[in-house]
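Visitor: I'm new to looking at protein structures, and I'd like to learn how to read one. Could you walk me through it?

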Amino acid sequence: MENKKLNQLLNKVVEYNEPNVTHLKGFLYKDDVGHFYIKIVEVLNDFNYEVGGRFYFNYEKNGEEFITHAEKPKLMRVRLKSRQYRLVKFVLGKNAPTPQTMQNGCPYFWLLVLSLFLAPFKLLGQFILKVLLFPFELLEKFADKIVIDWLMNLDDNTAYDTYHEDRRKPLFAKIKYHEDGNDGFLNDYIEKKYGITKYSQEFYEKRNELHAEWKKWNEKREIELEKVRQEYVKRNLEHQRREEELERKRALLKEKWDKRMKPIREGF
């Protein structure tokens with residue numbers, strides 16, 4: 001391995017051009033163990049490397065033969081607070097260049113020109129989108145108000161019963177808690193009704209208290225419902241008995257009528 005060429009180019013700007021493989025520019029340095037590498041300032045071909053990264057030579061392939069001295073790249077610094085960069089950032093969003101990815105003034109200039117051309121269209125698009133979404137924002141606020149009013153008018157047992165048994169909810173409540181489910185409903189109820197911060201110690205204590213109260217209330221309700229069911233069965237049996245008695249009386253009357261009418265029918 002011949003390092004004479006590399007030693008001459010040390011700390012200088014070089015260009016590494018391995019045909020159809022890698023083409024980049026940067027400063028040639030040597031690390032602590034004596035290995036040569038290029039501190040990349042411009043990537044011309046090869047998406048495996050980024051500006052600011054290091055490119056080490058493959059000495060087995062005599063990588064130094066692809067190195068030539070190059071002109072110092074005309075680097076530029078992108079100031080993030082400058083007006084032109086804010087314009088580019090506004091138009092390109094997350095695709096806007098950064099000081100690490102854009103150090104060449106030529107492409108940055110054309111990006112700025114493109115941003116000047118596209119900025120009015122983006123502003124117009126944002127305005128149209130805002131106008132189109134305005135009715136939906138009003139509807140969302142209206143729906144939230146209805147849900148909050150419904151929550152505030154619930155009592156503890158009804159609210160926990162809605163949570164535990166998934167009782168019927170208003171349409172807007174079903175939409176609001178479609179993703180969060182019944183847990184989201186109960187958490188919002190405790191927070192809005194009692195002003196308790198979610199997931200605090202007081203919050204969990206209140207949730208346990210609601211469960212205990214609902215359990216007692218539900219036991220009483222089940223007893224009352226059982227009485228109603230028994231009363232219904234009793235009334236149903238009584239009604240059935242009366243129907244059977246009426247049917248029996250109808251049969252007796254029919255039998256008497258047939259006996260009385262038999263001679264007349266035979267005479268005819």
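**Reading the sheet and the helices**

Guide: Happy to, and let's begin with the sheet: 5 strands form an open sheet, in the order β4-β3-β2-β1-β5, with antiparallel pairing. The strands at the edges are β4 (54–56) and β5 (67–69), and each of them pairs on one side only. Keep in mind that this is a predicted model.

Visitor: By how many degrees are neighbouring strands turned against each other?

Guide: On average, neighbouring strands of this sheet are turned by 40° against each other, with direction ignored.

Visitor: Let's go strand by strand, then. Which strand does β1 make a hairpin with?

Guide: β1 forms a hairpin with β2, and there are 3 residues between the two strands. In that turn, asparagine 20 has a positive phi of about 65°. The pairing of β1 with strand β2 (residues 22–30) is antiparallel and runs over 6 bridges.

Visitor: Is strand β1 largely enclosed or largely open?

Guide: Strand β1 (residues 13–18) is largely enclosed by the rest of the structure, because 5 of its 6 residues are buried.

Visitor: What about β3 and β4: over how many bridges do they pair?

Guide: Strand β3 (residues 36–45) pairs with β4 over 3 bridges, in the antiparallel sense.

Visitor: Okay, on to helices. How are two packed helices described?

Guide: You use two numbers: the angle between the axes and the distance between them. Now try helix α4 (residues 156–165) and helix α7 (residues 201–267), whose axes come within 9 Å and cross at roughly 90°. An angle from 65 to 115 degrees counts as roughly perpendicular, so α4 is roughly perpendicular to α7.

Visitor: Which residues make that contact?

Guide: From α4 you have Asp156, Asn157, Tyr160, Asp161, Tyr163, His164 and Glu165. From α7 come Arg207, Leu210, His211, Glu213, Trp214, Trp217 and Arg221. Sorted by class, the residues of the α4 contact with α7 are 5 nonpolar, 3 polar and 6 charged.

Visitor: And at what angle do α6 and α7 pack?

Guide: Helix α6 (residues 181–194) packs against α7 at an angle of about 105°, and their axes are 11 Å apart. That makes α6 roughly perpendicular to α7 as well. On the α6 side, the residues are Asp183, Leu186, Asn187, Tyr189, Ile190 and Tyr194. They meet Phe203, Lys206, Arg207 and Leu210 in α7. By class, the contact of α6 with α7 has 6 nonpolar, 1 polar and 3 charged residues.

Visitor: Now the charged side chains. How many salt bridges does the structure hold?

Guide: The structure holds 16 salt bridges. To read one, find the closest N and O atoms and look at how far apart they are. For aspartate 258 and lysine 254 that's 3.3 Å. These two residues are 4 apart in helix α7, which means they are separated by about one helical turn.

Visitor: Are aspartate 258 and lysine 254 exposed or partly exposed?

Guide: Aspartate 258 is partly exposed, with a relative accessible area of 29%. Lysine 254, at 53%, is exposed, because exposed means over 50%.

Visitor: Which residue does glutamate 255 meet in a salt bridge?

Guide: Glutamate 255 meets lysine 259, at 3.9 Å from N to O. They are also 4 residues apart in helix α7, so about one helical turn separates glutamate 255 and lysine 259. Glutamate 255 is partly exposed at 42%, while lysine 259 is exposed at 59%.

Visitor: Which residues are linked in a network of salt bridges?

Guide: Look at Asp188, Glu191 and Lys198, which are linked in such a network. Within it, glutamate 191 and lysine 198 have their closest N and O atoms 3.8 Å apart. Glutamate 191 is partly exposed, at 29% relative accessibility, and lysine 198 is partly exposed at 26%.

Notes
Residues numbered from 1 in each chain as written. Predicted model: local features only at pLDDT ≥ 70, side-chain atom pairs only at ≥ 80, totals over all residues. Heavy atoms only, no water. Pairing = 2+ DSSP bridges. Axes fitted to C-alpha atoms, helices over the stretch in contact; angles between N-to-C directions. Parallel < 35°, antiparallel > 145°, perpendicular 65-115°, else oblique. Contact = heavy atoms within 4.5 Å. Nonpolar A, V, L, I, M, F, W, Y, C, P; charged D, E, K, R; others polar. Salt bridge = Lys/Arg side-chain N within 4 Å of Asp/Glu carboxyl O. Buried < 20%, exposed > 50% of the residue type's maximum accessible area, 1.4 Å probe, protein only.
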